[in-house]
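Dear colleague,

I am handing over the structure below, together with some notes on what turned up when I went through it. Please read them beside the model itself.

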Amino acid sequence: MGEPIHLFILSGFLGSGKSTLLKELAENEKATGKKVAVIMNELGEYSVDSEIIGSDMTILELLDGCICCTMKDELEMQLLELYRNEQPDVIFIEATGVAHPVDILDACLSPVLAPYMVVKPLITVVDSKRWVHRAELSPPVQKLLEEQVKYADHVLLNKADTVSPQEIDFLQQTIKEINPTAQQSITTYAKTEITDMEHARKIGDLKDHESLHVVHHLRIQSMTHTFQSEVDRSDFEDWLEKTSSSLFRLKGFLRFTGEKETFLIQLAYGKPFMLPLPINLPMNIVIIGEDLDKEQITEELSELETKEGSQYAPINNL
């Protein structure tokens, strides 16, 4: 396996301009010689947006459902198909307008494929006018708009030409209050330099680490741990109980000492679930959270393989 696949997730409410942004970013990546693949998710039975993107790249469509709930398994199959058959350099995933960022990331990170993919900053597109007038929307929709902004790494204030300069100032301040660490771009027709910023990040970081630290720091973080040997079930359950309240999601495959089956492990909303499977799978565990102390988590999970029955302290800074 060569370089890992870069995975971009595009979030944002209905009609905010995600497809226009997707076309822009995909064209920029292709211009640098990268092989691009796109997964588009629509709630309906037909995708209009795929016609906008064009036919000169691999496009897979997930229709009549949402990847963050009803179509998680299908998304995993599509990612596996892309990995096996296409070997793209970059995958763009455009979620439905009603998808929650945490659930999107959870759906994208298959324990089988996570070691071969790098999740890039999550991008949320905001319809500036809709946001300014969001009080007219129902409370659940207002909450979703805020959640899509809260967990973004980069927020595009799109359709800036539909609001006044004063409203843009108000919008920027409001977004900053919800998500102080996210970068913001003011755009029209989703014209942006995000791809350029992404490529320049490694170079710039050598010169000015502190100012670019927040760019490196993803709002929602993920990590993958690969177990080299079986672990004691009670030790793992003890670790999971101590850390479950601090994680958004955990999923993967694990084998326990003295048990023949490989177990599917899942954790969502603090509730663990284990299911024995009749086949052996790579023992990869994917963890999703905020401000993950990855070194400490790795150390604790590695200790589970020592069979010494060590005590594990709760993870800090989660």
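Which residues line the second largest cavity? They are Phe13, Leu14, Ser16, Thr124, Val125, Val126, Asp127, Arg130, Trp131, Leu145, Gln148 and Val149, and about 70 Å³ of space lies inside. On a 1 Å grid over the protein atoms alone, a cavity is a set of points where a 1.4 Å probe fits but cannot get out, whereas a pocket is an open set with protein on both sides within 12 Å along at least five of seven lines, and lining residues have an atom within 4 Å of a point. Grid points are joined across faces, edges and corners, and a volume is the space filled by probe spheres set on the points. Strand 6 (123–127) supplies the largest share of this lining, 4 residues, while helix 5 (128–132) and helix 6 (139–150) each supply at least two. The search of the whole structure finds 3 cavities of 30 Å³ or more.

Before going further, please note that this is a predicted model, in which local features need pLDDT of at least 70 and side-chain atom pairs count only at pLDDT 80 or more, while totals for chains, interfaces and linings use all residues. Residues are numbered from 1 along each chain as its sequence is written, and side-chain values use heavy atoms, with hydrogens and water left out.

The protein chain has 11 helices and 13 strands, where helices (H or I, at least four residues) and strands (E, at least two) are DSSP runs numbered from the N terminus. Of its 318 residues, 49% count as buried, which is to say under 20% relative accessible area, with exposed meaning over 50% and partly exposed in between (1.4 Å probe, protein chains only). Among the contacts with a separation of 6 or more, 73% are between residues 24 or more positions apart, a contact being heavy atoms within 4.5 Å.

Phe8 has Phe92 as its bridge partner in strand 4, and Ile39 stands opposite Ile93.

Ile39 and Ile93 return in the largest nonpolar core, which has 48 residues and in which they, with Leu75, Leu79, Ile91 and Val155, have the most contacts. Helix 4 (residues 101–108) gives the most to this core, with 5 residues. Such a core is a set of buried Ala, Val, Leu, Ile, Met, Phe, Trp, Tyr and Cys residues joined through side-chain atoms within 4.5 Å. Leaving aside neighbours within four places in sequence, Leu75 is in contact with Ile39, Leu62, Ile67, Ile93, Ala107 and Cys108.

Helix 3 (72–85), helix 4, strand 10 (249–255) and strand 11 (262–268) each give two or more residues to the lining, with helix 3 giving the most, 3 residues.

Most residues other than glycine have a negative phi. Gln87, in the loop between helix 3 and strand 4, has a positive phi near 50 degrees and counts as partly exposed at 40% relative accessibility. Tyr189, between strand 8 (183–186) and helix 8 (194–207), likewise has a positive phi, of about 55 degrees, and is exposed, with a relative accessible area of 62%. Ile220, in the loop between helix 9 (209–216) and strand 9 (221–226), counts as buried at 5% relative accessibility. Its C-alpha atom is separated by 8.2 Å from that of Leu122, 98 residues apart along the chain, and, not counting residues up to four places away in sequence, Ile220 touches residues including Pro101, Leu122, Tyr151, Phe248 and Ile288.

With best regards

Terms used
Two strands pair if DSSP finds at least two bridges between them.
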